[in-house]
There are 2 protein chains.
Amino acid sequence: MQMPTGVHALVRRTHEDCVLRALQENGALSRGEIARIVGLSRTTLSDIVGNLLQRGAIVVVDTDAVRRSGSGRPAERLALDPASAQFIGVDFGHRRVHVAVADASHEIMVSGSVRYEDSASWPVRLELALALLDRLSAEAGVHYGALQGIGIGVPGPYPAPQGAAWPRASAGATVLRPAPEGVDTAFAERFDAPVIVDNNTRLAALAEAISGATSVADLVYVRLSDGVGGGLVVGGQLVTGSGGLAGELGHVTVEPAGRPCRCGKRGCLETVVSLPGILAKCWEFGLPLEDLGALAAAVSRAHPVVDRVLREAAAALGRVVGAATMALNPAKVVIGGEITRLAPVIVEQVAATLAAELFPTASAGPVVEAAHLSDEDGALGALAAVFHSSPLLAKYPDTADVKGCTDAPDSITERAAHARA
Amino acid sequence: MQMPTGVHALVRRTHEDCVLRALQENGALSRGEIARIVGLSRTTLSDIVGNLLQRGAIVVVDTDAVRRSGSGRPAERLALDPASAQFIGVDFGHRRVHVAVADASHEIMVSGSVRYEDSASWPVRLELALALLDRLSAEAGVHYGALQGIGIGVPGPYPAPQGAAWPRASAGATVLRPAPEGVDTAFAERFDAPVIVDNNTRLAALAEAISGATSVADLVYVRLSDGVGGGLVVGGQLVTGSGGLAGELGHVTVEPAGRPCRCGKRGCLETVVSLPGILAKCWEFGLPLEDLGALAAAVSRAHPVVDRVLREAAAALGRVVGAATMALNPAKVVIGGEITRLAPVIVEQVAATLAAELFPTASAGPVVEAAHLSDEDGALGALAAVFHSSPLLAKYPDTADVKGCTDAPDSITERAAHARA
C-alpha cells in the first residue's frame with residue numbers, strides 16, 4: 001500500500017487511528033458509539049469505517065439487538081478483527097490463580113483457575129499460572145501470534161513497600177505474601193509482550209466500573225473478605241496514589257478503642273467488617289461461628305445476633321464509604337466479596353447509612369450495589385487495564401507510526417510508572 | 001511554508017506538537033525538562049527545538065539559575081513566544097472578584113481584585129469583573145489578540161444542582177449565592193474565547209498542586225473559612241466527581257450528636273473547624289470571641305482555651321483527611337484559609353493525627369503543609385485549568401491541523417463536561 005501524502009491523508013490517518021483506538025479500548029461498538037467516542041460526524045465516520053472494513057482491519061461481529069432496549073433497527077457492531085490481537089489477564093489470589101485470555105473484540109476465548117496453598121512460594125505460583133495458560137491454550141487452540149499485553153493482579157501493593165512490613169502478618173487470617181519485584185519478568189520473558197502489574201482488588205474495581213449495562217467513570221469499590229480491600233476509579237482511571245497505596249479503605253479507624261488490627265492500629269474498618277471481624281463479634285454476643293459456612297447458615301436462619309452484627313458492621317462501612325463518597329462523588333459504590341454475596345443486608349445497610357451521610361439532595365447519591373463479578377473480577381480487571389494501556393496499535397498492521405504525545409499519562413501503566421517513579 | 005509530506009515529516013510534526021503542547025501546559029521549561037516530559041531523546045529534541053527557535057515559534061526566556069540548587073552551568077529555559085497567547089483567570093469569592101492575566105510563558109502580566117457585598121447579584125459581580133479586567137489591561141497595555149481561554153472560579157458547585165437547596169442558607173455565616181448557569185456566557189461573548197467554570201476551592205487545589213518548588217500529581221486540599229471546602233487532585237487531574245460535587249470534605253460527619261450544620265445534617269466537620277464553628281466552641285468554654293480578629297489576638301496571647309479548641313478541631317480535621325489519605329494516597333495534604341495562616345497549630349495537629357491514622361510505614365505518609373498561595377489561589381487555579389485544557393494549539397501559528405483522539409478526556413474541561421453530561 002502506498003503511503004498517503006498531503007494534509008487530507010494526514011487527517012484521515014489520524015481519524016483512522018482514533019477509530020481503531022476506540023475499538024481497541026472498548027471492544028465491539030456500533031457506528032453511533034464510535035462517532036460519540038471519537039467525536040467525528042456520522043458522515044466522516046462512515047467514510048473511514050467503510051475504508052477500514054474494506055481493508056479487513058475491522059470486521060462486523062454482531063448487532064446490538066440483544067443489548068438494545070428501545071425499538072428500531074438493530075445496529076451492526078464493529079470490532080478489530082478478533083484474530084488480530086490477544087490479551088492475557090492473570091489474578092494471583094491468596095489460594096488460587098485465575099487466568100483469562102481475550103481476543104481483539106474483547107471476547108474471552110479461554111479462562112480457568114488452579115488452586116495452591118496460601119503458603120505456596122511465588123516461583124511455584126508463577127509456574128502453576130504458566131502451566132495453566134499452556135493447558136487452556138492448547139485445549140482451545142489459542143495462539144499468541146499478536147499478543148498485545150499481559151495484565152497481572154497480585155495481593156497487596158506492588159511493588160511491596162520497602163522497610164516496615166506492610167501489612168503486618170495477619171493474626172489467624174490469611175498471611176499476605178507480597179509479590180516479589182520481578183513477578184512481571186517471568187511473563188515478559190515467556191511471551192515477549194509488555195506486562196503490567198497492579199493490586200488485584202484495585203483491578204477488580206476497574207472490572208466492576210466497566211461491567212454491567214453502562215460503565216461508570218467514577219466508582220468506589222470495597223471487597224469484604226479475610227481482610228478489607230478497596231479500589232477507586234476516578235474519571236475513568238484507576239487510582240494508584242503517590243505511593244501505590246490508594247484504595248486502602250479497610251484501615252480507616254472506625255472504633256478508636258476497638259480491636260487490634262494487623263496493620264498495628266486499633267479499630268480499623270477491617271477489624272469490624274472483615275470475615276474474622278464479623279465472626280469475632282458474633283462470638284462476643286454469645287454466638288460461636290467457626291467460618292463462612294457457619295455464618296451463611298446463621299444468615300439463612302435469620303439469626304437475630306447475626307443480623308445485628310452484620311447491620312452494625314455495614315453501618316461502619318457505610319460511614320467510611322460516606323466519607324469517600326463526599327470526597328469523590330462517585331456514580332456508583334460497589335461492595336464485593338463472599339460475605340456480601342451471602343448477606344444482602346450488608347448492601348442494604350450501606351445504602352441506608354450512605355443516604356443519611358450525604359447532603360439531602362436527591363441527585364447527589366451514588367447507586368450502591370453488590371459486585372456483579374465474582375472470582376473472575378481480578379483477571380477481567382487485568383484485561384481491562386491492558387486494553388486501555390497497550391501501546392496504541394503498535395503491532396496493528398497497516399497503521400502509521402504516529403503516537404500521541406506521551407506527556408499526558410493516560411494509561412494505567414504510565415500512571416503506575418509515574419506513581420512509582 | 002510548504003506543507004511537509006512523507007512519514008518522516010509526519011513524525012516530526014507530531015514531535016513538534018508534543019513539544020509545543022508541553023510548553024503550553026507547563027510554561028517555561030529547560031531542554032532537559034522537555035525531553036523528560038515528551039519522552040524524546042536529547043538528540044531528537046535538539047533538532048526539533050532548534051527548528052522551532054529558528055521559526056520564532058518558541059523563544060529563550062531565561063535560565064534556571066535562580067531555581068537550580070545544584071552546581072553546573074545554568075540551563076536555558078524555553079517557552080512559547082510570550083506574546084503569542086493570553087489566558088485569563090477569574091475567581092468570584094463571596095465578597096470580591098480576583099482576576100489574573102498570563103502570557104504564553106505563564107508569566108502573570110496583570111492581576112487585581114475588586115470588592116462587593118456578599119448580597120451583590122451575579123449581573124453586578126460580572127460587570128465589576130469585566131470592568132476590572134478592562135481597567136487593568138488598559139493600564140498595563142495588555143491586548144487579547146491571541147486569547148486562548150478564560151477560567152472562572154465560582155463558590156459552590158457549578159452548575160448548581162437543581163431541586164433541593166445546596167448547601168442550605170448558612171445560619172449567621174456567609175450566604176452562598178450559587179453562580180447561575182450562564183456565568184460563562186458573559187465572558188465568552190465579550191472575549192470570543194472558550195470559557196471553563198469550576199468551583200473556586202477546587203481550582204485553588206489545582207493551583208496548590210503545581211505551586212512550590214515541585215508540583216505533585218496527587219493532593220488533598222482543604223480550606224477553612226466561613227465554611228469548609230476542599231478539592232482533590234488525582235493523577236494530575238482535578239476531580240469533579242460524577243455530579244460535580246467532589247471534594248466536599250466539610251460535610252463528613254465527625255460528631256453524630258454535634259451541632260446542626262447548614263447542610264441539614266448534624267456534626268459535620270464544617271461545624272467543628274470552620275471559623276464560626278471554632279468561635280462557637282470558644283464561647284462554649286467561656287471565651288467569647290466575636291470574629292477572626294479576636295481569634296487572632298487570642299492565638300497570639302497563647303490563650304489555653306483557644307489552643308485546646310484549635311487542637312481538637314484540627315484533630316477532627318486530621319481524622320477526615322486521614323480517611324481521604326487512606327483512600328487516595330496523596331503526596332501532599334494542604335490546609336488553606338485565613339484561620340490556618342494565623343494558627344500554625346492547626347497544620348501541626350493535622351500532621352500528628354494523620355501520622356497516627358496511617359499505616360506504621362515511613363514511606364506512606366503525605367507531606368502536610370499550610371497553603372502556599374493566598375487570595376490569588378482561585379484565579380491561579382483557573383489559569384492552570386486553562387493552560388491544561390485550551391484546545392491543543394488550535395490558534396497557534398504554523399502547526400498542522402492534527403488533533404489527538406478525543407476519546408480519552410484528559411483535560412479539565414472535557415472531564416467537567418463529561419461529569420455534567
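Which residue is the bridge partner of Ala102(B) in E6(B)? In this predicted model, in which local features need pLDDT of at least 70, side-chain atom pairs count only at pLDDT 80 or more and totals for chains, interfaces and linings use all residues, the partner is Ile108(B). Residues are numbered from 1 along each chain as its sequence is written, chains are lettered from A and ligands numbered from 1 in the order in which they are written, and side-chain values use heavy atoms, with hydrogens and water left out.

Strands and helices are DSSP runs numbered from the N terminus (E, at least two residues, for strands; H or I, at least four residues, for helices), and two strands are taken to pair if DSSP finds at least two bridges between them. On this basis, chain B contains an open sheet of five strands with mixed pairing, in the order E6-E5-E4-E7-E8. Strand E6 (108-115) and strand E8 (195-199) of chain B each have a single partner strand and stand at the edges, so one side of each is left without a neighbour in the sheet.

Antiparallel pairing over seven bridges joins strand E4 (residues 86-92) of chain B to strand E5 (residues 96-103) of chain B, with Asp91(B) standing opposite His98(B) in E5(B). E5(B) also pairs with E6(B) in the antiparallel sense over seven bridges, and these two strands form a hairpin with four residues between them, in whose turn His106(B) has a positive phi of about 75°.
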